[in-house]
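Have a look at the structure first, then follow along.

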There are 2 protein chains.
Amino acid sequence: MDKSVLYQHGTLAQLVPGLFQGTLRADELLKHGDTGIGTLNGLNGELIIAAGKIYQVAASGVVRLVNADEMMPFANVHWADFTSVGAVDQLDYDTLRAELLHRAGTRNLFFAVRVHGTFQTVTTRAVAEQTEPYPTLTATAAAQQVFTRQNVAGTLSGYYSPNLYAGAVSPGFHLHFLDDAHQFGGHVLDAQTTAATVELQKFTDFQLHLPAADPDFLQVNLDDPNITAAIKQAEN
Amino acid sequence: MDKSVLYQHGTLAQLVPGLFQGTLRADELLKHGDTGIGTLNGLNGELIIAAGKIYQVAASGVVRLVNADEMMPFANVHWADFTSVGAVDQLDYDTLRAELLHRAGTRNLFFAVRVHGTFQTVTTRAVAEQTEPYPTLTATAAAQQVFTRQNVAGTLSGYYSPNLYAGAVSPGFHLHFLDDAHQFGGHVLDAQTTAATVELQKFTDFQLHLPAADPDFLQVNLDDPNITAAIKQAEN
């Protein structure tokens, strides 16, 4: 339980050409952390991992617990050891993210974010399960559902990754939301806080675990110079 | 002793603007592997780590053992568990590297390389120790010494990193040389094999350990779009 490590299964670039096949079991992922975000086989929905439980927000909007044997192509986890960095109030999403970076004090480390409280508005998306032959990441945007809730209590959680590692990661903030009732969530597109507490956890280490047993991964071309632009378009 | 992990202290991009200050002790590095490459505080020479010992090739050409308390800004190590992939004979450096990639069977994993045998010619360089205020990585090329030896028995060792991770790493091959007598070596600029055996070790995991306690690292701008070009120029 090394609390200084952010663990990642899969490299974000593999999703761009459509390598959505699950390559790690949920219970294997949980050996590397109790908190995080991710997606299921076929890019099926948005995952929020909290207190050792994995929640899926499906494109239907339904939230459910993920089983131990479900497979993931991509996920990030770490062992929660957050530090409180105060409160925020009445911030739009851009201002909130700027404030998180300001409180972190650096753009050069990976760090986890947990913002808990009341949100005036949260807009999320959830991707629908894709089937083989998989489309590109950009094309899946057409298959996503978008949800908006007002006056919702919950947690915005995920990671900041320095721009330098774009390709391995989605650069900047990658945040998911889960409401306190576990009935609403997804990949955050927009949020407006009312009153919320902010916690951060900085990492010294980033551990990239690649799907080395997947023949498709070993042969795919990840040298596309447009890969970072495609990631930014799909994940932000 | 996880043999599936390539451990890296520091991110290559930090060297481009001149963050050459040592931030990890030699004995701390050896907790993460017994085999590898690196450099000392001030970009002082080229390191070859073999069987748990760290050798420095200084700009004078002298090879010596590094002490436990010496500091490093950048190094890669892993626990040796190589697999033989046969022999090579009479290959120039470009052909040798193409052959290593061919035998690895993928461009998408990190892997270690160990080529032992006789080399018709080996050309290396070693960087001289820089002092504060440090110059840029590109400017240090003027302070490097170049050495050439004929008919030398030794080991060419280091790593292949996928292009996708350029910035964190020097993309492609990053290889150092140490002769069997421990009297000649450095960062390999060119090599012509006579007869040599080839071993590879593929990694599922790449663990990036950042100098999170270094105030200069936390504040430096690593978003320079020319950073990858500068790395390629300096390291190849």
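Let's start with B:Y165: leaving aside neighbours within four places in sequence, it is in contact with A:T11, A:A168, A:L208, A:L210 and B:F110. Contact here means heavy atoms within 4.5 Å. Before going further, the ground rules: this is a predicted model, where local features need pLDDT of at least 70 and side-chain atom pairs count only at pLDDT 80 or more, while totals for chains, interfaces and linings use all residues. Residues are numbered from 1 along each chain as its sequence is written, chains are lettered from A and ligands numbered from 1 in the order in which they are written, and side-chain values use heavy atoms, with hydrogens and water left out.

**The core and the interface**

B:Y165 also turns up in the largest nonpolar core, which has 68 residues. The residues with the most contacts inside that core are A:F110, A:Y165, B:F110 and B:Y165. A nonpolar core is a set of buried Ala, Val, Leu, Ile, Met, Phe, Trp, Tyr and Cys residues joined through side-chain atoms within 4.5 Å. Buried means under 20% relative accessible area, exposed means over 50%, and partly exposed is in between (1.4 Å probe, protein chains only). Elements giving two or more residues to this core are β10, β14, α4 (215-219) and α5 of chain A, together with β10 (111-127), β14 (205-209), α4 (215-219) and α5 (227-235) of chain B. Those element names come from DSSP runs, numbered from the N terminus: helices are H or I with at least four residues, strands are E with at least two.

How many residues does each chain bring to the contact? Chain B gives 31 residues and chain A gives 31 residues. Between them the two chains bury about 2,500 Å², with 51% of it on carbon and sulfur atoms. That area is the accessible area (1.4 Å probe) that two parts lose on being put together, summed over both. As for salt bridges between chain B and chain A, the count is zero.

**Salt bridges**

A salt bridge is counted when a side-chain nitrogen of Lys or Arg lies within 4 Å of a carboxyl oxygen of Asp or Glu. Three of them are set out below.

| Pair | N to O distance | Relative accessible area |
|---|---|---|
| A:E46 and A:R125 | 3.2 Å | A:E46 5%; A:R125 5% |
| A:E70 and A:R64 | 2.7 Å | A:E70 17%; A:R64 30% |
| B:R25 and B:D27 | 2.8 Å | B:R25 35%; B:D27 29% |

A:E46 forms its salt bridge with A:R125. This pair links distant parts of the chain, with A:E46 in strand β4 (residues 44-50) and A:R125 in strand β10 (residues 111-127) of chain A, 79 residues apart. A:E46 is buried, and A:R125 is buried too. In the second pair, A:E70 is buried, whereas A:R64 is partly exposed. In the chain B pair, B:R25 counts as partly exposed, and B:D27 counts as partly exposed as well.

**Strands in chain A**

Strand β1 (residues 5-9) of chain A is mostly covered, with five of its five residues buried. A:V5, A:Y7 and A:H9 point one way from the strand, while A:L6 and A:Q8 point the other way.

What does β1(A) pair with in the parallel sense? The partner is strand β14 (residues 205-209) of chain A, over five bridges; two strands pair if DSSP finds at least two bridges between them. A:Q8 has A:L208 as its bridge partner there. β1(A) also pairs with strand β8 (residues 74-78) of chain A, this time antiparallel and over three bridges, and A:H9 stands opposite A:A75 in β8(A).

Further along, β10(A) and strand β11 (residues 144-161) of chain A pair in the antiparallel sense over 16 bridges, with A:A126 partnered by A:Q145. β11(A) in turn pairs antiparallel with β12(A) over eight bridges, where A:Y160 stands opposite A:F173.

**A helix with a covered side**

In helix α5 (residues 227-235) of chain A, the buried residues are A:I227, A:A230, A:I231, A:A234 and A:E235. They lie on the same side of α5(A), because they cover an arc of only 110° around the axis; the arc is that of the directions from the helix axis to the C-beta atoms. What covers them includes β10, α3 (137-140), β12 (172-179) and β13 (185-202) of chain A.
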